Amino acid sequence: MRSSLILYPLLAMVLITFVVAVTMMKRRLTFLTSERIHPQQVATAAKMASVGEDPRAADNFRNLFEMPVLFYAAVLTIFVAKLISPLLLALAWVYVLTRGAHSLIHCTFNKVIWRFYAFFASCLVLAVLWLAIAYQLVVA
């Protein structure tokens with residue numbers, strides 16, 4: 001199996017992050033323009049929240065720099081250590097799908113229990129991914 005295949009889920013997570021970033025920027029610019037708010041008036045997250053901006057995309061954008069950091073480390077570990085396997089590749093893609101679902105839920109209808117299920121599933125998959133990496137590193 002080509003070791004570069006593990007980089008595709010990594011690129012997909014990067015794409016999700018950029019899609020959320022663009023969504024956040026579009027929503028913020030639309031909000032600031034429609035409310036005639038000068039950007040300097042909302043220079044901090046607290047100030048932005050105080051003016052009533054929809055925080056869903058911004059909150060999700062911050063989330064994409066929390067647990068996914070461990071995903072990026074896992075993928076790079078797999079790539080550098082040449083641990084690629086069908087199991088690890090499948091787990092990486094399942095992680096991307098669960099995080100994609102989390103972002104979609106968070107940025108749209110934001111039903112908290114559904115968002116929690118997506119988040120919990122992604123954490124579980126990430127834990128299994130790291131356990132599989134640890135196992136392969138110890139066995140190898």
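**View 1. Helix H1 spans residues 7-34.** In this predicted model, H1 is built from 28 residues. From its first C-alpha to its last, H1 reaches 41 Å. That is close to the 40 Å expected at 1.5 Å a residue.

**View 2. The end of H1 leads to Arg36.** Arg36 follows the helix. The phi of Arg36 is positive, near 55°.

**View 3. H1 has a set of buried residues.**

**View 4. The buried residues of H1 pack against other helices.** Their partners are H2 (45-50), H3 (56-63), H4 (68-80) and H5 (86-107).

**View 5. The whole chain holds six helices and zero strands.** Along the sequence the pattern reads α-α-α-α-α-α. The C-alpha trace spans about 60 × 30 × 20 Å along its principal axes. Of the 140 residues in the chain, 36% are buried. Take the contacts between residues at least 6 apart in sequence: 81% of them join residues at least 24 apart.

**View 6. The surface of the chain and its charges.** The accessible surface comes to about 8300 Å². Carbon and sulfur atoms account for 73% of that surface. The chain carries 12 positive and 5 negative charges.

How values were computed:
Residues are numbered from 1 along each chain as its sequence is written. This is a predicted model: local features need pLDDT of at least 70, side-chain atom pairs count only at pLDDT 80 or more; totals for chains, interfaces and linings use all residues. Side-chain values use heavy atoms; hydrogens and water are left out. Helices (H or I, at least four residues) and strands (E, at least two) are DSSP runs, numbered from the N terminus. The expected span of a helix is 1.5 Å times one less than its number of residues. Buried means under 20% relative accessible area, exposed over 50%, partly exposed in between (1.4 Å probe, protein chains only). Contact means heavy atoms within 4.5 Å. Accessible areas come from the Shrake-Rupley method with a 1.4 Å probe; for residues, only the protein chains shown count as cover. Lys and Arg count as positive and Asp and Glu as negative; His and the chain ends are not counted. The place of a charge is taken as NZ of Lys, CZ of Arg, CG of Asp or CD of Glu.
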